[in-house]
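I am keeping short notes on what I looked up in this structure. The entries follow the order in which I looked.

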Amino acid sequence: MHRSIHSSRRCLLARRALLARLRAFLFCLLGLMPALAQAAPIKVVATVPALASLARDIGGDRVEVTSLSLATQDPHFVDARPSLALALNRADLLLAVGLELELGWLPTLLTGARNPRVQVGGPGYVDCSMAAMLRGVITGPIDRAHGDVHAGGNPHYLFDPHNALRVGKLIAERLSAIDPEGSAIYAANERAFAESLNRRVADWQARLKPLKGRPIIAYHSSWLYLAEWIGLREVAFIEPRPGIAPTPSHVARVIATGRAEGVRAILQETFYADSTSRLIADKLGAKLLRLDGGPNTRRGESYADHMERVVAALIEAMAPAVQSSKEARP
Ligand SMILES: [Zn+2]
């Protein structure tokens, strides 16, 4: 009994001390509030890791960036999980690839997000294809026989670093519009990003020169921009039409074309099944390059780091063939 009265009094004293400390803490916190509100980062959500990386480069410390998909995930088909809708609910800026790439999943997430800032047409919605130089634009009627094509243009435009430069500019503009206080920082970051990427591009182009005019086979039409930039010839696709699985007769045609053209490399993203590609590579004695669709931002890889990986893989697979064909010449 005595013990319990004693301990309850001690408990009361302790509680009073705690309350006093809590009051002091809250007082400090209130004093800090305006500063904290200013320092709150701009929440950027990108649909793919390449855009997330560009946003990090341009936004620097002023932004907090989330990617809705991983580099190892097919960006045409992303599982619209509630956690992704939650990220969009809190977003100040949404960076989308556009050209219907995200048509199968982003509209569902945007409905679930209930955030007017980032809805299509809202101040925080950015269709990055607006800044890109587009290829594969289809004029005239299209139907399902074309497969899963995007009439407005091929959406895999970030595989040309010149498009990354253009999109970087757009991101800086849109960040400045929603966060004018940071506009000088965004402009400076964008200049630094462009200078650095331009240097990388010059280096890549010099190293890739021997590959110009060489034939490749691609699984999906993901490499159009890369091929056009480097000067590779896409002589066949393993998908008979974009998004449509290969048939035996189509595979036989791809092998015949590959043989006739002397194809040394087959390109596909890691998220596509590779049994057919492997079979074709074996028949041709070609190398199968399974590449991530974008930077592995979870490992801290940047857009430029990923492009370096792609460039290095291409050179490793194809440059010896270029050399030997040169040596074979009289
Ligand atoms: Zn596609």
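Entry 1, helix 2. I looked up which residues of helix 2 are buried, and I found Pro49, Ala50, Leu51, Ala52, Ser53, Leu54, Ala55, Arg56, Asp57, Ile58 and Gly59. I note that this is a predicted model. I then checked what comes after helix 2: Gly60 follows, with a positive phi near 55°.

The core takes at least three residues from domain 1 (42-140 + 147-205) and at least three from domain 2 (209-328). Once its neighbours within four places in sequence are set aside, Leu51 is in contact with Ala46, Leu95, Val97 and Cys128.

I counted 10 helices and 8 strands. The protein has 330 residues, and 39% of them count as buried. I also looked at contacts with a separation of 6 or more: 63% of them are between residues 24 or more positions apart.

Two packed helices are described by the angle between their axes and the distance between the axes. I looked up both values for helix 5 (residues 161-178) and helix 6 (residues 183-208): the axes come within 9 Å and cross at roughly 175°. An angle over 145 degrees counts as roughly antiparallel, and helix 5 and helix 6 are therefore roughly antiparallel to each other. Next I listed the residues that meet. Helix 5 brings Pro161, Ala164, Leu165, Gly168, Lys169, Ala172, Leu175 and Ser176. Helix 6 brings Ser183, Tyr186, Ala187, Glu190, Phe193, Ala194, Leu197 and Val201. The residues of this contact divide into 11 nonpolar, 3 polar and 2 charged. For the spacing of such lists I noted a general point: an α-helix has 3.6 residues a turn, so residues three or four places apart point the same way.

Leu99 has a phi near 55°, which is positive although the residue is not glycine. I located Leu99 in the loop between strand 3 (93-96) and helix 4 (106-113). Is Leu99 buried or exposed? Leu99 has 22 other C-beta atoms within 10 Å, so I put it down as buried. Arg114 also has a positive phi, near 45°, and is not glycine. Arg114 sits in the loop between helix 4 and strand 4 (125-127). Arg114 is exposed, because 10 other C-beta atoms lie within 10 Å.

Ala80 is in the loop between strand 2 (63-67) and helix 3 (82-89). Ala80 has 17 C-beta neighbours inside 10 Å and so counts as partly exposed. I looked up which residues Ala80 touches, leaving out those up to four places away in sequence, and found Trp105, Thr108 and Leu109. Ala80 and Trp105 are 25 residues apart in sequence, and their C-alpha atoms are 5.9 Å apart. Ala151 lies in the loop between strand 4 and helix 5. With 14 C-beta neighbours inside 10 Å, Ala151 counts as partly exposed. The C-alpha atom of Ala151 is 5.7 Å from that of Val137, which is 14 residues away along the chain.

Notes
Residues numbered from 1 in each chain as written. Predicted model: local features only at pLDDT ≥ 70, side-chain atom pairs only at ≥ 80, totals over all residues. Domains from an automatic or database assignment. Contact = placed C-beta atoms within 7 Å. Axes fitted to C-alpha atoms, helices over the stretch in contact; angles between N-to-C directions. Helix = DSSP H or I, 4+ residues; strand = E, 2+ residues; numbered from the N terminus. Parallel < 35°, antiparallel > 145°, perpendicular 65-115°, else oblique. Nonpolar A, V, L, I, M, F, W, Y, C, P; charged D, E, K, R; others polar. Buried ≥ 20, exposed ≤ 12 C-beta atoms within 10 Å, placed from the backbone.
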